[in-house]
Amino acid sequence: MSFNQEFDQHGAWRKQFALRLRLLAEWLTDHDLMEPGIRERLDGLHAQVKNDKIMVAFVAEFSRGKSELINAVFFAGYGRRIMPASAGRTTMCPTELGYDAEVPPCLRLLPIETRLQPLSLLDWRNAPDKWERIDLDVNDPKQLASAIQKVAEVRRVTLDEARGLGFWSDEAPEDNPLTAADGTVEVPKWRHALINMAHPLLKQGLVILDTPGLNAIGAEPELTVSLLPQAQAVVFILAADTGVTKSDLTIWRQHLSVLGEGKESRLVVLNKIDTMWDALSSPEQVQLQIASQRTDSAEILGLSPRQVLAVSAQKGLLAKVHRDKKLLEASNLMELETALGVDLLGQRRKILSAAVATGIQSLRVETTRMVHTRSRDLVEQIQELEGLRGKNAGVIKQMRLRIEQEQADFDASGAKIQAVRSVHLRLLKDLFAMLSATHLKTEVAVLAKALRQPGIKLGVRRAYDHTFDRLRADMHKADGMAGDIQSMLEGSFKSLNAEYGFSLQAPSPPQLAQYAKDLDLIEKSHLQYLSLGNALKLANPEFAERLARALMSRLRVVYDTAVNEVELWNKSAAAQLDAQLRERRRNFTRRIEAVSRIQQAAGGLDERIRELQTHQVKLNLLDTKLSELTDHLMAAPDEEPAEALAA
């Protein structure tokens, strides 16, 4: 099955799950079960599935056929090249292709001059008016390709300008661009490009990252320390006739082998196998040469041979455009698409399904607890009313007075419940302070200062190690603080359950220690810039400044994610307490109303007991239906979602 077909299935699964969630929300609302805490969980699950993005990053040295491969896999349906893929350097700036329904189809380009300002790429993303925008006609392949050609634009600048932008190094002249007769040099016109178009795959959440040469002078640090680590899959392209060259190996070691512990999400493509189709060699000999290159490349890069594929992107694109099955088979392009589809999407769906299953289970526990609370209250009311059989009006009046007194006592106990909230919020305040942007900035200040000092930065590695040691210690300390808050919650909830008959259960605490692993990955992705080989590049104040901004931007993402998890945990605990307080107050109101009706009408007792028993049967049915609906949400995606919701 091709990548496109696999992605279609993945998109259909996400859409169907979103439909099931919406129908579940309607069912919960219809049966008065949509409490704020439950709504928040549903909204979170819906956003998680709807906004799930799969980024595939294409990485290569210049002239490896990277853009042609993107054209062949994703855009052959246009019948022509969409990404610029001529000889020489075509992708001069990092280019992201994705889809945002709230933005019209367009190409947005960030001027290279923004490098001179103290803002990260993340900051610039939030300033859309600073980007040059070109509208795209996705139904006109010629206009589309012509507009996207702008990512290859360059401009000529003076040496001083090139130095300021990071494209000229006096310490490493061998890496500098060629100087023209007038003393100017060529640099990319754009720093970053965002392409928003309603391609079927992009609409389903695919994001394609096309990168320029990562080890070229002027390479954007944020690309390697922020964007690449976010990619769910990385496709590294080599030339089939040369295999792993020295520059290829440098890119692999410095930028790709440090992305994470597992290498399953990385594929290596030996491109341009058509250059090895030699008329003087038999097909068998050619295949043996290709197989040998695959084996050697896998061994050099430390990968399984099955992760190294040999293709011809150009012939594959040609075959798709002309519907030439024989040439398509010879290009081996479908083998790559299958690997992307099975390995990438299969792995991604497992991760997403597991996360969704956890969320649905939490939703079920919370909703079931509410149903059981109501059921228990009904049982108590029935027993209470059955105790009135044969009693006179005085006894019934006394019961009403007793219920009203219980209600008054419960209302007066609000101070104790508020005290629980106050302690919880005070402890949370300390935890949020530990994870705040202000605290993070303070922790990174020494490293940032070391990076920004002029000249060779001799002490920067030490400052770097100390900073990440402190950040990891902070994250483990925050995890311990969350554990203490959890213990306090469990104790408080147990006390409230015993005193007021609640069924409170502290939600699972956030696992903040896991974010220490994210810090490890960030640390590894930055180490390349602290080596002796990069000492001269790091001595460039503009480069060091961009590196410091990229580091801070990536760390902020980790800390913000941790804060979001703590907030969800806090809201879940608060919503549960609020829900049971509301249920208890409703219960008092219902009990008083029942006794009032009995006081006002003879025979009202039996009638009210029958009503409560009917409600009890309905609640039992609700409980069964809830299990059925949540089971169905986690079931196979090819089932019809509407059937199980026909109530």
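This is a predicted model: local features need pLDDT of at least 70, side-chain atom pairs count only at pLDDT 80 or more; totals for chains, interfaces and linings use all residues.
Residues are numbered from 1 along each chain as its sequence is written, and local features need pLDDT of at least 70.

**Exercise 1.** Determine how helices H15 and H17 are oriented to each other.

*Solution.* Step 1: H15 covers residues 414-434 and H17 covers residues 460-500; helices are DSSP runs (H or I, at least four residues) numbered from the N terminus. Step 2: their axes come within 10 Å and cross at roughly 170°, where axes are lines fitted to C-alpha atoms over the stretch in contact and angles run from 0 to 180 degrees between N-to-C directions. Step 3: H15 is therefore roughly antiparallel to H17 (angles over 145 degrees).

**Exercise 2.** Describe the packing of H17 with H18.

*Solution.* Step 1: the axes of H17 and H18 (residues 515-527) lie 9 Å apart, at an angle of about 170°. Step 2: the two helices are therefore roughly antiparallel. Step 3: residues of H17 in the contact (heavy atoms within 4.5 Å) include Phe468 and Leu471, while those of H18 include Leu519 and Ile522.

**Exercise 3.** Is Leu626 buried or exposed, and which residues does Leu626 touch?

*Solution.* Step 1: Leu626 is located in helix H21 (residues 604-633). Step 2: with a relative accessible area of 2%, Leu626 is buried (under 20%, whereas exposed means over 50%; 1.4 Å probe, protein chains only). Step 3: not counting residues up to four places away in sequence, Leu626 touches Trp27, Leu28, Arg364, Thr367 and Thr368. Step 4: Leu626 and Thr368 are 258 residues apart in sequence, yet 7.7 Å apart in space, C-alpha to C-alpha.

Side-chain values use heavy atoms, with hydrogens and water left out.

Conventions
Angles under 35 degrees count as roughly parallel, over 145 as roughly antiparallel, 65 to 115 as roughly perpendicular and the rest as oblique.
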